[in-house]
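These are my notebook entries on one protein structure. I record what I looked up, topic by topic.

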Amino acid sequence: MSTENEGNAVPPAPSAPPVPVDAPAAPAPQGSYGQGAPGDAGHPGVSSSAPDPSWPPPPPPAGPHGDGGSGSGPGGWGASYQQPAPKSGRGRGGLVAGILIAALVAGGLGGGLGYTLAKNNDDSTGSTTVSASSSGGDVKRDPGTVAGVAAKALPSTVTIEAESTSGEGGTGTGFVFDKQGHIVTNNHVVADAVDGGKVTATFPDGKKYDAQVVGNAQGYDVAVIKLKNAPGDLKPLTLGDSDKVAVGDATIAIGAPFGLSDTVTTGVISAKNRPVASSDGSGSQASYMSALQTDASINPGNSGGPLLDAQGNVIGINSAIQSTGNGGFGTGQSGSIGLGFAIPINQAKYVAQELIRTGKPVYAKIGASVSLDDSSDGAQITDQGAGGSAPVEPGGPAAKAGLKPGDVITKLDGHVIDSGPTLIGEIWTHKPGDKVTITYERDGKERTTEVTLGSRVGDN
């Protein structure tokens, strides 16, 4: 398989989270990437046949997706109550339950009655009972707090609804990229609407705008839509520097999990440079990323939403989750298990700018087909390209650097390469024309070479 996403089926990796069948609101789009781009669980093994050097690669086997409904039971309220120890004997379980229910009701009555009696005593006997203040004072939410960051970022996030000409689609998230009305999101959020479908974007204040897809990059899982009749007071979110993110940094995710718009969750960066290959399980092409991993709760509908740092800067686009559920996209309703993946914003920014400028994605490449087999030994250049084509493109970047069929690439700029998909994800964090140092093994000996990355335009 070539580093341009050419070749065999994608190895085990998380995939886009499914749309819950019984979600209380509009169904999530074909995937909230939960990429196992950013929804989410391991895929079955793949074949070892030579990959097809033409884009795209065969769709990856469906894997579990992170999702799952959420719900809340009835709650109670009332004054403080100390539950008595249950008595031994028959019917203890029922007695305890009955006491607890009664406590919630009686506690509410007792609290109000107790305050009234205390007040009366104060008036008539000078009791020393002091009633609680009715107010805790003004609450200040500084800009650096989660509430402060959310208050500033929420007005610039939107809930996206996309549907095909046949009415199929779902819900995802996006954020304001510029004042001209461009909104950045995931490709899988709007994929159904690319060919003549319908897209709308709704802001937290309830204002809803029709939009159109400006461009989409399936391999990167990034898309840009543009609002029709965009308002003049749009405030683009500030973009951070994903290269400077450190493990342990605080994160804030905004999205519409299960259609619940304007939801804010928090966590930390739990890993960096996580190789992720994902698909929505519907037979579409695979997406690859070297992702930011976070434990912020991400579910179907969070796809395309911003992952912010503690200062409110966008450091990634929420795209995928790992799940314990089984099955393809749209099945395995297991919810978030604290493993979410985001496309680094430095990469997403470059992709978005190209989509706005030309409407087509531009991919960096080395011009060689590599195996997509799941392994930990590296990315091996195949002996034969698909359809009898050359495994190393004549005159291409790899050929000029001296790479040959059978070479096993083990590092790229110091990053360990354990498989073909990992190599693709790392290459795609770069731009065409970038120079990278590749470490490879040939005949049992380790060698290094410098490669100037080439380019390929479009997903086809």
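I note that UniProt positions are given in the numbering used here, that feature names are shortened, and that annotations may be inferred rather than shown by experiment. The model is predicted: local features need pLDDT of at least 70 and side-chain atom pairs pLDDT 80 or more, whereas totals for chains, interfaces and linings use all residues. Residues are numbered from 1 along each chain as its sequence is written, and side-chain values use heavy atoms, without hydrogens and water.

Annotation. I found that an unreviewed UniProt entry places "domain: PDZ" at residues 392-414. This span is 17% helix and 22% strand, with its end C-alpha atoms 23 Å apart. Helices (H or I, at least four residues) and strands (E, at least two) are DSSP runs, numbered from the N terminus.

Barrel. I traced 6 strands that close into a barrel with antiparallel pairing, in the order S7-S8-S9-S12-S11-S10; two strands pair if DSSP finds at least two bridges between them. Strand S7 (residues 250-255) is joined to strand S8 (residues 263-278) by 6 bridges. Ile254 stands opposite Val264 in S8.

Cores. I looked up the nonpolar cores, which are sets of buried Ala, Val, Leu, Ile, Met, Phe, Trp, Tyr and Cys residues joined through side-chain atoms within 4.5 Å. Buried means under 20% relative accessible area (1.4 Å probe, protein chains only). The largest core has 57 residues, of which Ile366, Leu423 and Ile438 touch the most other members. Helix H4 (residues 345-358) supplies the largest share of this core, 6 residues. A second, separate core of 17 residues includes Val158 and Phe203.

Technical notes
Buried < 20%, exposed > 50% of the residue type's maximum accessible area, 1.4 Å probe, protein only.
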